[in-house]
Amino acid sequence: MSLLFAICLQFVNANAQDSVNFWDKVRFGGGIGAAFGSGYTDVAIAPGAIYQFNNYVALGLGVQGSYVRQRDYYESFMYGGSAIVLLNPIPQVQLSAELEQLRVNLNVDERFEDRYPYLNFRDRDFWNTALFVGAGYQMQNVTIGLRYNVLYNKKDMVYSDALMPFIRVYF
């Protein structure tokens, strides 16, 4: 009985130490971006945080907001959140899965609708779900790689392609 009590006490002590060090395992980061061109504007901010369980596994949450405008075509406001799983089978390789839910407010220019009526683009507000799977090369706090949206739908005009590069930074 004393042995069982000692094992339980050790387990409680280990959990108490882990809970004290919770914030030591939290890393903050995310992304910020801007692109400008002839009649094109794209501004985005996406802060996030991950909990690093060990050298191999991390889970995190993020929020994001963006504004995209292509003159004579469309303008959109997008905002939402995401959950991410990061796996490092070896220190230099990072595999990821990210579920993202965005609210999209799309305003299509009337001239665009008139030129391409068969595309059936129109003003609309909708929720867009994306599921990204990715792989990247990790160097300390920075990971550079590619991710693929398995739920990609070109007609939603949320992303221009299912495959996209990424740079992920967590401190």
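The model is predicted, with local features requiring pLDDT of at least 70 and side-chain atom pairs counting only at pLDDT 80 or more, while totals for chains, interfaces and linings use all residues. Residues are numbered from 1 along each chain as its sequence is written, and side-chain values use heavy atoms, with hydrogens and water left out.

E98 lies in strand β5; strands (E, at least two residues) are DSSP runs, numbered from the N terminus. The side chain of E98 also makes a polar contact of 3.1 Å with the side chain of S82. With a relative accessibility of 11%, E98 counts as buried. In these terms, buried means under 20% relative accessible area, exposed means over 50%, and partly exposed lies in between (1.4 Å probe, protein chains only).

**The barrel**

Eight strands close into a barrel in the order β1-β2-β3-β4-β5-β6-β7-β8, with antiparallel pairing. On average, neighbouring strands of this sheet are turned by 25° against each other, direction ignored. For such angles, axes are lines fitted to C-alpha atoms, and values run from 0 to 180 degrees between N-to-C directions. Two strands pair if DSSP finds at least two bridges between them.

**Hairpins and loops**

The hairpin that joins β2 to β3 passes through four residues. In the hairpin of β3 and β4, three residues stand between the strands. D72 belongs to the loop between β3 and β4, and its phi is positive, about 70°, although D72 is not a glycine. Most residues other than glycine have a negative phi. D72 is partly exposed, at a relative accessible area of 27%.

The loop between β6 and β7 contains Q140. Q140, likewise not a glycine, has a positive phi of about 55°. With a relative accessible area of 73%, Q140 is exposed.

**A nonpolar surface patch**

On the surface, L99, L131, V133, L146, Y148, V150, L151 and L163 form a nonpolar patch, and together they have about 670 Å² of accessible area. Patches are made of residues with over 30% relative accessible area and no salt bridge, with nonpolar side chains (Val, Leu, Ile, Met, Phe, Trp, Tyr) joined within 5 Å and like charges within 9 Å. A salt bridge here is a side-chain nitrogen of Lys or Arg within 4 Å of a carboxyl oxygen of Asp or Glu. Accessible areas come from the Shrake-Rupley method with a 1.4 Å probe; for residues, only the protein chains shown count as cover.

Strands β6 (124-139) and β7 (142-149) each supply at least two residues of the patch. One of the patch residues, V133, is found in strand β6. V133 is partly exposed, with 40% relative accessible area.

Terms used: A polar contact is a pair of N or O atoms within 3.5 Å; within protein, one must be able to donate a hydrogen and the other to accept it, and residues adjacent in sequence count only if both atoms are side-chain atoms.
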